[in-house]
Each structure stands twice: as structure tokens, then as C-alpha cells.
Amino acid sequence: ELSASLVSALELAVGAMLLAIGVWTLSGLVHRPSSVTDRPAQGHSHPHGPRQGSAWVGAAHGLAGTAGVVTLLPVAFISSPWLAGGYLLAFGLGTVVSMGLYALVAGLLFHRAGMRSPALGKGLRLIASLASICVGVLWMVAAVD
């Protein structure tokens with residue numbers, strides 16, 4: 001079982017990550033002209049940036065949170081240590097992959113909206129960055145309580 005201080009530190013790290021991503025996205029909106037952020041450069045067609053960042057954030061978020069209770073309850077009823085370990089591994093991988101895919105799809109939808117309407121894309125990024133900042137701060141406050 002993880003110590004309370006380790007759990008608090010991990011939860012604090014998740015909040016800090018959300019805060020940092022919100023600030024990073026917000027600074028990108030403020031410091032880059034919309035013509036640069038809304039259109040890829042000539043001859044530069046491979047995707048990178050927010051979509052991959054979203055996938056990594058989703059995967060990291062899949063590692064945190066309250067999944068521990070849901071994970072450990074079935075393990076208590078599994079008599080074989082190998083089966084219990086396999087269950088924990090499958091649960092962990094499934095959580096990380098599903099959260100990463102969810103975040104990737106959300107990033108793609110935001111990108112598509114921005115390509116169709118730069119103002120809508122900028123508005124969605126603004127809302128998402130402010131929400132990330134607020135949730136990150138609240139998450140960190142809850143982690144230290």
C-alpha cells in the first residue's frame with residue numbers, strides 16, 4: 001500500500017501538470033499570431049504539438065486519481081498472486097491507453113474546429129487552458145489538505 005505522503009505527492013504532481021499545461025496553452029494563445037497557430041507552415045505537414053501533448057496528458061492522468069479503490073477491490077478476491085498481478089497490469093494499461101486515446105480524440109476535435117473556424121479554435125483553446133489552470137489549482141489544494 002502506498003503511504004499517504006506519496007499519494008499526496010503524486011496528486012500534487014497531477015495538479016501541477018494540469019496547471020503547467022494550462023499556462024503553456026494560454027501563453028501560446030497570447031504570444032503567437034493566429035495565422036501561425038491555425039495553419040501549418042508550407043511543406044510542413046507532419047502533425048505534432050497539442051494532439052500528442054493531449055495524448056500524453058491523458059495517459060499520465062490515467063495513472064492518477066481514484067482508480068486505486070476500484071482496482072484493489074477485485075484483487076482482494078483473487079487467490080493467485082499471478083492472476084492478481086495480471087489483473088493489475090491489465091487494469092493499469094487499459095486505464096492509461098483509454099485516457100490517452102480519449103485525450104487524443106479531444107485534441108483532434110479541437111484541431112479540426114480550429115481549422116474550420118480559427119476564432120472557434122482559439123476560443124476552445126482559451127476555455128480549455130483556463131479550465132486546466134483552475135482544475136490544476138483545485139487539484140493541488142485538495143492534495144495538500
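The structure is a predicted model, in which local features require pLDDT of at least 70 and side-chain atom pairs count only at pLDDT 80 or more, whereas totals for chains, interfaces and linings use all residues. Residues are numbered from 1 along each chain as its sequence is written, and side-chain values use heavy atoms, with hydrogens and water left out.

The secondary structure consists of six helices and zero strands, where helices (H or I, at least four residues) and strands (E, at least two) are DSSP runs numbered from the N terminus. Along the sequence, the pattern is α-α-α-α-α-α. Of the 145 residues in the chain, 20% are buried; buried denotes under 20% relative accessible area, exposed over 50%, and partly exposed the range in between (1.4 Å probe, protein chains only). The accessible surface of the chain is about 9,900 Å², and carbon and sulfur atoms contribute 74% of this surface. Accessible areas were computed by the Shrake-Rupley method with a 1.4 Å probe, and for residues only the protein chains shown count as cover. Among contacts with a separation of 6 or more, 79% involve residues 24 or more positions apart, a contact being heavy atoms within 4.5 Å.

Helix H5 (residues 81–116) packs with helix H6 (residues 118–144) at an angle of about 145 degrees, and their axes are 5 Å apart. Axes are lines fitted to C-alpha atoms, for helices over the stretch in contact, and angles run from 0 to 180 degrees between N-to-C directions. Phe110, Ala113, Gly114 and Arg116 of H5 form this contact with Pro118, Leu120, Gly121, Leu124 and Ala128 of H6.

Two further residues of H5 were examined. Valine 105 is located in helix H5 and is partly exposed, with a relative accessible area of 46%. Glycine 107 also belongs to helix H5, but is buried, at a relative accessible area of 12%. The C-alpha atom of glycine 107 is separated by 9.9 Å from that of arginine 125, a residue 18 positions away along the chain.

Leucine 26 is situated in helix H1 (residues 4–31) and is partly exposed, at 23% relative accessibility. Apart from neighbours within four places in sequence, leucine 26 contacts Leu126, Ser129, Leu130 and Ile133.
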